[in-house]
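This briefing covers salt bridges, domain packing and selected loop residues. It is intended to be read alongside the sequence and the coordinates.

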Amino acid sequence: MSAKLVGAKVQRVEDDRFVRGNGRYVDDVAPDALHAAVLRSPHAHARILSIDVDAVLDLDGVHAVWTHEDLEGAMAEPLPLLIPHPTLTHGRTQYALAKDEVNHVGEAIAFVVATDRYVAEDALARIVVDYELLPAVVGIEAARAADLLVHEDVPGNVAATTEQSNGDAPAAIAAAPHRLALDLQIERSACMPMEGRGVVARWDPDQGRLQVWSSTQTSTGVRAAVAAKLGLDLGQVDVITPDVGGGFGVKIVHPWPEELLVPLAAQRLGRAVKFTEDRREHFISSAHERAQVHHVEVGFDDDGRVLGLDVRFWHDHGAYTPYGLIVPIITSTQLLGPYKPGAYRVRFDSLYTNTVIVTPYRGAGRPQGCFVMERTMDAIAAELGMDRAEVRAANFIQPDEFPYDHGLIFQDGRELEYDSGDYPAMLEKIKELVDWDGFPAFREQQAALGKRVGLGLACYVEGTGVGPYEGAHVHIETSGKVKVATGLTTQGQGHQTAFAQIVADELGVRFEDVEITTGDTRRMPYAVGTFASRAAVMSGSAIHLAAKRTKEKALRIAADALEADVEDLEIVDGVVSVKGTESSIPLGTIAVLSNPLRYAFDEASKAATQFNVGDPDKPPVAEDDEPGLEGKDFYSPPRSTFASGMHAVIVETDVDTAEIRILKYAVVHDCGHLINPMIVEGQIHGGVAQGVGGALYERMAYDESGQLLNASFMDFLMPYVTEVPTSIEIDHLETPSPLNPLGIKGAGEAGVIPGSAAFAAAIEDAERAVSPTFGITAMPISPSELFALRAAHVPHAQEPK
Amino acid sequence: MKISGENAIAAPVAQVWEAILDPRVLVATIPGCEQLEATGTNAYAMTVSAGVAAIRGTYSGSCVLEDLREGEGLTMRLKGAGAPGTIDATVLVTFKDDGGRTVLSYDADAVVGGMIGGVGQRMLTSVSRRMAAEFFGNVEGVIAHGLPVAAPVEASVSAEGTPVYSAAPKSSRGAAVGGDSFLAGVVVGGGLVLAGVVVGAVLGRRR
C-alpha cells in the first residue's frame, strides 16, 4: 500500500516549467495575432466633447479603430454589475469604451487593432480627444465632504450604506465600565501580479465558434460575460486559461473592457486578436483595494472583555462598482476575528472617487478589519495596563462553542457561522514560537545596547471556501492515466500538484499518472472561480468526490471481472487486486471493459479480452450505467469554512533614522487538514511578504487632481526578498472543517491579513518604551512617517541621544 | 501640483519685458519650441517637442498671457496635450528690478496628466527648474546678442492669416544646452516651458 500523499510535502510538478521559463501564458498564444491597444483617459474627471479618429483611418497597419459610437447592442451598454446587493442603491459601472464622460485616469476611450503593438500605439497618439475638465474627487475625505460629485446622479458620492448588528452595541458601550474611541485608516494599494491582464481571441467562421484565452481568475465568468455581450450562445464560446502569472484578486473581475473588445474584434475582423497590458495600464486601468477610514467605539470590563463594539467606516471603491460591496462587507464581518463581543454594530458607506475601481486584493477587506480589531485590543490592553495577549484571550470564542454563530450575514449571503477552531491553543503556540514571555528580557538587553525593539501580535479569522459550488470530472484512460478537470483557474497555487495528491490517494493510482486541467470551459463548463481562498476547499472536495465515484465504478467492474466481492478489492499503483491473492486487473483494462467496443486498439484492449464482464442476457451498457471509466461530481457547501491564524513580529526601529527592521516573524496557522504543507507554507511566505508590503511600503500616491503619481515599479514600492524576513517561523494547528469531506480550509490569503495590524503593534510597542503616548492609527508607515510621528509625540526625539 | 522658482536675467526689466512679449524671441528661446502661432493679442498656439526621461513626444497647446502689468508681472495660462500626456497650468510671473538686472519669479499651479503624470513625476521638478533656467538663459542671450544667427526665426502667415513663427531645424538652443537626453527638453505643453514650469510633483507625492 503506498503511503498517503495528502498531508505530504510533495514537490510542485508545475515548478519545473515555471522555473525553466517554459510556462505558457496568454501572450504566448497566437503569435501571429493582430494587436490591440487602448486609448486611456489622461484626466480623472472630464466630459468628452469630441473624439477625432480621422488621422488614424488611413494609417498603414491599422485594422480597426473604435470609440463608443462603434459599439452596438449590449456592447454599447454599461458593463455588468456583477454582485448586486440590496443596499447598493447607487451602483454604477463603466462602458467598454467611455461614453460622454470619464471618471478616472486610465478609463478606456478608444480601441485600436493593428498589425503590432507599435503601430497600435502610434495610432492612439493620433486620436484627438477634446475634454471639458471637471474637478476630481480624490480620497475618502473629499468623497465624504461631497462638495463635488463623481456621478451627478449619486448624491453624497454614496453608492451604499450598509448596517448590521447583533445586540445593542451603543447601549452596551454606554453601560460599560471603560470606553475608548479610535480613528483608524488604511491606504490604497493594489495587486501587482508579474503577468498583467491579457486576452486573445480567435473566431472560427466555419464552426461559428469563438475561442478566448484570458489571464483570468474565472474562465466560466469570462465565458458567460462574452457570450452575453456579443449575443452568442454559451455553447459557442470556449474560454481557456493557460498558465497565469499571478492573480491576487485583480483578475476576478469579468469582463474587463478588453475581454469584450478583443473577442468582438476577432469576430468582426476574422483574425486572431491579442491584448497584453503594460505595467502602467495595470496601475491605472485594472483595480486597487484597501483604502478605508474607520471610527471605533468600544466598551469593556475590568478584564478587557469587550461588552460592546460599534464600528463606522468609509470605503473608497473608486469610480465604479462592478464587484459590488464584497470588500466592505468582508471588513464589516471579518473584523470580529476570533472574538465574541457582547454586542456589535457595524455601519459603512461605500463611496465614489475619481480613481481606479476596487476589487478584492488578497485578504480582501480583512487586513483593514484585522487592523481595526487588533488596534482596539491593543488600546484596551494599554488602557487597563494588561498584557496584550491576555486581553485577546479574554475575548476568544472557546473551542466548545463551535459552531459559533455571530448573528451576521457574510459576503456569500449566508450566516457568519464559524465551523471550527481552537484559538486558545493557537495563542499558546504563537506565544511559544515568538517567545512572548521572554521578550521583556530581550527588550531590556537590546535597550542596554541602545536599540529599540517592539513586539506585536495580531489574530484573524478568515472565511474561506465560499460557494456556490465547484465540480470535477475524472476520467481513467485505457492507458491507465487519469485525466482530471476542474473548472476553476490556477494562478500559481500548485493545483496540479495538490489536486493530483487527492486523486492519487482516493483512486490508488500513481501520482505521476494524474494530470490536472483547470480553467478550460471545454473540459468543465460549470465552475465559479479562484478567489476567496476557495480552490482547495471547493475543487479539492469536488475532485475527491468525483474520484470516489470513479473508484466505485472501477471496483464494480473489477469485481465483476475478477469474480470477487467489492469489499475484498484494493487499488494500489493503478492495479485492482483481490486482497491477499494474485488475482488482479489494471485500471486501464477496466477502462476498456467499461466501454464495450468491438475493437482492440491497444494492449489494454487486448488484455481485456481475457475478462468477461456483464450478463450476456442484458444490454452491454446497463440502463442506469454509462460507457467509460469516468466520474463527475460537484461540491456545494452550506456556508464558508473559517480558517484562522495568529502572527507575531519583533521589529527594531532605528533610534536615529526610524528605519524599521524585522527581527523575527512567527506564524501559527490553522487551515484544517493540510493537503501539502509545503504549498501551504509557500502561500504563507508569499502572504507575509505581501503583508510586509502593505504595512511598510505599498500605497497609491494620487495627487489632488486624481493623477496616480507612482504608476511604475520605480515609484511603487514592493518588498523584494531583501525586505522580507529571512526566516518565517511557522507552526500549524489542524482543526478540521466539518463542512467538507477532506476537513480542509482555505490558505491562500491568510498570510497577508494580519500584516498591518502586527507591524503597527510592534512599532508602537518599540516606541512606547521611550514615549508612552506614541500611537499608530494609520498604515502603511514609512520611516519618514515614523520619524514625524516620533516628533509629534516626543519633541526631543530628534535631539541627539 | 505647485512649483515655484526664480531666475535672474542680466538686463533691465523693460528690456526683459519686451523680449518676453515678442513671439520671435519666444520661439527662439523656448526649449524645444517648433512653432508658435499668434491667435490673438498675447495668445499663441504652440508646438513643442520635449521629453522627460524616456517619455518624449510632441505637444500642441495654447499659451495666453493676461493680466499684464507692465514691468511688474503677468499671468500665463497654458494648455497642452500630446501622446505622452497633458498639462494644464496657471503661472504667475513677477518681474523685479535688482540693480539693473531682472529677477523673474514664477509660481505655477499645474495638472500634469497621462503617462508623464504618472511615470515622469519624480523628474518633473528638477527638469522643469532646469528648463526654466535654460529658457531665461536663452532670453538673456537674445537680449545681449540679438536673435541667434544660427537660428533664424522664420515668420510666415498661416492659412487663417495669423502670423506663424517657426524655429528653423535644430535651432533650439535647448537642444544644445540640454545635450543629454534627459535634459533635452521637457515637457509638457510648451508654455510650461516658458515659465520653466512643468511642474513638479514630487512635492505632493507622499501626502
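Across the interface of domain 1 of chain A and domain 2 of chain A, the rule finds 0 salt bridges. The model is a predicted one, and over all chains the count of salt bridges comes to 55.

- Chain A is divided into domain 1 (17-134 + 191-285), domain 2 (364-464 + 639-793) and domain 3 (468-635).
- The centres of domain 1 of chain A and domain 2 of chain A, taken over C-alpha atoms, are separated by 37 Å.
- In the interface, 10 residues of domain 1 of chain A are in contact with 12 residues of domain 2 of chain A.
- The size of an interface is often expressed as the accessible area that is lost when the parts come together.
- Between them, domain 1 of chain A and domain 2 of chain A bury about 810 Å², and 69% of this area is on carbon and sulfur atoms.
- V105(A), M192(A) and F283(A) supply 56% of the area that domain 1 of chain A buries against domain 2 of chain A, which is more than any other three residues supply.
- Polar contact across the interface of domain 1 of chain A and domain 2 of chain A amounts to 1 residue pair, with both residues at pLDDT 80 or more.
- On the side of domain 1 of chain A that touches domain 2 of chain A, the residues divide into 7 nonpolar, 1 polar and 2 charged.

**Salt bridges in chain A**

- D765(A) and R388(A) meet through their side chains in a salt bridge, at 3.5 Å from N to O.
- D765(A) lies in helix α19 (residues 755-768) of chain A and R388(A) in helix α11 (residues 388-395) of chain A, so this pair ties together parts that are 377 residues apart in sequence.
- D765(A) has a relative accessible area of 14% and is therefore buried, the limit being under 20%.
- R388(A), with a relative accessible area of 15%, is likewise buried.
- D153(A) forms a salt bridge with R92(A), and the closest N and O atoms are 3.1 Å apart.
- Because D153(A) lies in the loop between α4 (140-145) and β7 (158-166) of chain A and R92(A) in the loop between β3 (62-66) and β4 (101-102) of chain A, the pair ties together parts that are 61 residues apart in sequence.
- D153(A) is partly exposed, with a relative accessible area of 47%, and R92(A) also counts as partly exposed, at 23% relative accessibility.
- R12(A) forms a salt bridge with D15(A), in which the closest N and O atoms are 2.8 Å apart.
- D15(A) is partly exposed, its relative accessible area being 25%.
- A network of salt bridges links R40(A), R117(A), E121(A), R197(A), E258(A), E277(A), D278(A) and E281(A).

**Loop residues in chain A**

- D513(A) is found in the loop between α14 (495-507) and β21 (514-518) of chain A, and D513(A) is buried, with a relative accessible area of 12%.
- Not counting residues up to four places away in sequence, D513(A) touches G480(A), K481(A) and V482(A).
- From C-alpha to C-alpha, D513(A) and G574(A) are 8.7 Å apart in space, while in sequence they are 61 residues apart.
- A658(A) occupies the loop between β26 (641-653) and β27 (660-670) of chain A, where A658(A) is buried with a relative accessible area of 0%.
- Leaving aside neighbours within four places in sequence, A658(A) is in contact with P783(A), L786(A), F787(A) and R790(A).
- A658(A) and S782(A) are 124 residues apart in sequence, and their C-alpha atoms are 8.5 Å apart in space.

**Chain B**

- The secondary structure of chain B comes to 6 helices and 9 strands.
- Of the 207 residues in chain B, 56% are buried.
- Among contacts in chain B between residues at least 6 apart in sequence, 60% join residues at least 24 apart.
- D22(B) is found in the loop between α1 (13-20) and α2 (23-29) of chain B.
- At 19% relative accessibility, D22(B) counts as buried because the limit is under 20%.
- The side chain of D22(B) reaches the backbone nitrogen of R24(B) at 2.8 Å.

Methods
Residues numbered from 1 in each chain as written. Chains lettered and ligands numbered in written order. Predicted model: local features only at pLDDT ≥ 70, side-chain atom pairs only at ≥ 80, totals over all residues. Heavy atoms only, no water. Salt bridge = Lys/Arg side-chain N within 4 Å of Asp/Glu carboxyl O. Buried < 20%, exposed > 50% of the residue type's maximum accessible area, 1.4 Å probe, protein only. Helix = DSSP H or I, 4+ residues; strand = E, 2+ residues; numbered from the N terminus. Domains from an automatic or database assignment. Contact = heavy atoms within 4.5 Å. Buried area = accessible area lost by both parts, 1.4 Å probe. Polar contact = N/O pair within 3.5 Å; in protein donor to acceptor, adjacent residues only side chain to side chain. Nonpolar A, V, L, I, M, F, W, Y, C, P; charged D, E, K, R; others polar.
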